[in-house]
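Q: I would like to go through this model with you. Could we begin with how the strands pair and then move on to the core and the aromatic residues?

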Amino acid sequence: MSAGELTIERTVAADPEAVWAVLSDIEHASDTLSGVTRIEMLSAGPYGVGTRWRETRKMFGKEATEELYVTEADAPHRTVVESDSAGVHYVSVFTLTPADTGTHLTMTFSGTQTNTTVLSKAAWALLGRIGLKAAGKAMTKDLDEIAARAEG
């Protein structure tokens, strides 16, 4: 069962390589993204397929830590980051397209329920839309902050 999909787009006044450098600098994400309070790298080496980390964010006034992993990395064009949490599989796709004024950055976020008990379906139906709305606000802020760092 899917809660839906969100797509946020932004033009960044920097070339795709500069935007990619910010997106792929997971170790310093908490310096760029105000919503991220802590990063714990779980893999070594450069950003690419298999890169794993724990990311702690403040959501709804509380800290939540999730483990994320890269399933696709085509620098500086596209990357896919996935996560599994509380019976939901999340996918975030970042696409970077050269534009006259820099880079067109698109983030698509989706969540699919993997725990399909009657109780979890009811909770998903009730809370899924609220979570998607909160995710949209966080995504917009993240893209603004990624742009600011790439442009700086």
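**Strand pairing, core and aromatic pairs**

A: In this predicted model, Val88 has Gln113, a residue of S7, as its bridge partner.

Q: How many bridges join S6 to S7, and do they run parallel or antiparallel?

A: The two strands run antiparallel, and 12 bridges join S6 to S7. Together S6 and S7 form a hairpin, with 2 residues between them.

Q: How many residues of S7 are buried?

A: Of the 12 residues of S7, 10 are buried, so the strand is largely enclosed by the rest of the structure.

Q: What about Ser110, is that buried or exposed?

A: Ser110 is found in strand S7, which spans residues 102-113. Its relative accessibility is 16%, and Ser110 counts as buried because the cut-off is under 20%.

Q: Which residues does Ser110 touch?

A: Leaving aside residues up to four places away in sequence, Ser110 touches Gly4, Glu5, His89, Tyr90 and Val91.

Q: Changing topic: which residues touch the most other members of the largest nonpolar core?

A: That core has 29 residues, and those touching the most other members are Val12, Val19, Leu23, Trp53, Leu105, Leu143 and Ile146. Elements that give two or more residues to this core include strand S1 (2-12), helix H1 (16-23), S7 and helix H3 (118-151). The largest share, 6 residues, comes from H3.

Q: And what does Leu143 touch?

A: Leu143 touches Ile8, Arg10, Phe94, Leu105 and Met107, again not counting residues up to four places away in sequence.

Q: Now the aromatics. How many aromatic pairs are there?

A: The count comes to 2 aromatic pairs. Trp20 and Tyr47 form one that is edge-to-face, at 5.8 Å centre to centre with 85° between the planes. This pair links distant parts of the chain, 27 residues apart: Trp20 is in helix H1, and Tyr47 is in the loop between S2 and strand S3 (52-59). Trp20 is buried, with a relative accessible area of 11%.

Q: How are Tyr90 and Phe109 arranged, stacked or edge-to-face?

A: Tyr90 and Phe109 are stacked, at 5.6 Å centre to centre with 20° between the planes. Tyr90 lies in strand S6 and Phe109 in strand S7, so the pair ties together parts that are 19 residues apart in sequence.

Q: Which of those two is buried, and which is partly exposed?

A: Phe109 is buried, with a relative accessible area of 15%. Tyr90 is partly exposed, with a relative accessible area of 25%.

Conventions. Residues are numbered from 1 along each chain as its sequence is written. This is a predicted model: local features need pLDDT of at least 70, side-chain atom pairs count only at pLDDT 80 or more; totals for chains, interfaces and linings use all residues. Side-chain values use heavy atoms; hydrogens and water are left out. Helices (H or I, at least four residues) and strands (E, at least two) are DSSP runs, numbered from the N terminus. Buried means under 20% relative accessible area, exposed over 50%, partly exposed in between (1.4 Å probe, protein chains only). Contact means heavy atoms within 4.5 Å. A nonpolar core is a set of buried Ala, Val, Leu, Ile, Met, Phe, Trp, Tyr and Cys residues joined through side-chain atoms within 4.5 Å. Two strands pair if DSSP finds at least two bridges between them. Rings of Phe, Tyr and Trp (its six-membered ring) pair if their centres lie within 6.5 Å; planes under 30 degrees apart count as stacked, over 60 as edge-to-face and the rest as tilted.
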